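Dear colleague,

Please find the structure below, together with its sequence.

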Amino acid sequence: MTRLNRSLPDQLELPWPRWERAGFALAVLGLSIFYLWTLGRPSLWLDEAWEANYYVGITDAPWYNRPVLYMGIVRGLAAVFGHSELVLRLLPCAAGIAAVAGTYVLARGWLGRDRAVLAAGLLSIAPPFLLAAHQLKHYTLDALAIVALL
């Protein structure tokens with residue numbers, strides 16, 4: 001049975017071999033291209049559209065709770081880059097990509113390279129996570145925060 005190694009120095013064991021760094025960079029690049037390529041599809045659904053009205057300045061802040069930092073960043077992105085669906089969903093998408101990369105780094109320190117590839121790969125294609133990374137919601141930012149805290 002494999003023992004989990006949870007010591008901090010092992011998690012941050014650097015430098016990785018050159019081929020592993022190149023493979024990691026290519027995997028993140030490929031995931032980024034796929035996530036961004038499909039980012040504007042499908043169109044905003046009702047809850048997203050209602051929330052998007054706030055980000056583009058049509059309505060006041062939503063009456064329900066949303067993370068203030070998330071709302072501020074999305075509103076800033078909309079002000080700088082425009083009011084497209086792609087721009088509005090950019091932060092959750094970027095947080096999803098970063099969470100997958102962080103999962104690999106974290107799992108590599110605890111479980112080894114092979115299991116880290118499996119963990120990050122499964123997370124990147126998990127339907128709920130993939131859906132969350134393509135919606136105007138803060139869920140992938142929550143996932144990134146959890147990975148960063150671990």
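Helices are DSSP runs of H or I with at least four residues, strands are runs of E with at least two, and both are numbered from the N terminus. Helix α6 is followed by glycine 112, whose phi is positive, near 100 degrees.

Two remarks on the source are needed. This is a predicted model, in which local features need pLDDT of at least 70 and side-chain atom pairs count only at pLDDT 80 or more, while totals for chains, interfaces and linings use all residues. Residues are numbered from 1 along each chain as its sequence is written, and side-chain values use heavy atoms, with hydrogens and water left out.

Overall composition

The protein chain has 9 helices and 0 strands. Of its 150 residues, 35% are buried (buried means under 20% relative accessible area, exposed over 50%, and partly exposed in between, with a 1.4 Å probe and protein chains only). Among contacts with a separation of 6 or more, 68% are between residues 24 or more positions apart (contact means heavy atoms within 4.5 Å).

Two packed helices are described by the angle between their axes and the distance between the axes. Here axes are lines fitted to C-alpha atoms, for helices over the stretch in contact, and angles run from 0 to 180 degrees between N-to-C directions. Angles under 35 degrees count as roughly parallel, over 145 as roughly antiparallel, 65 to 115 as roughly perpendicular and the rest as oblique.

The axes of α2 and α6 come within 10 Å and cross at roughly 155 degrees. That makes α2 roughly antiparallel to α6. Residues of α2 in this contact include Phe24, Val28 and Leu31, and those of α6 include Ile97, Val100 and Tyr104.

The axes of α6 and α9 (residues 139-149) come within 8 Å and cross at roughly 25 degrees. These two helices are therefore roughly parallel to each other. On the α6 side the contact includes Ala95, Gly96 and Ala99, and on the α9 side Leu141, Leu144 and Val147.

Helix α7

Helix α7 covers residues 113-125 and reaches 19 Å from its first C-alpha to its last, close to the 18 Å expected. Its buried residues are Ala116, Ala120 and Ser124. Seen down the axis of α7, they fall within an arc of 60 degrees, so they line one face of the helix (the arc is that of the directions from the helix axis to the C-beta atoms). These buried residues pack against α2, α6 and α8. The face turned away from them carries the exposed residues Asp114, Leu118 and Ile125.

At 3% relative accessibility, glutamate 20 counts as buried. Not counting residues up to four places away in sequence, glutamate 20 touches Tyr104, Arg108 and Arg113.

Glutamine 135 is found in the loop between α8 and α9 and is buried, with a relative accessible area of 12%. Leaving aside neighbours within four places in sequence, glutamine 135 is in contact with Trp45, Glu48, Arg89 and Pro92. The C-alpha atoms of glutamine 135 and leucine 39, which are 96 residues apart along the chain, are separated by 8.3 Å.

Yours sincerely

Key: Expected span 1.5 Å × (residues − 1).
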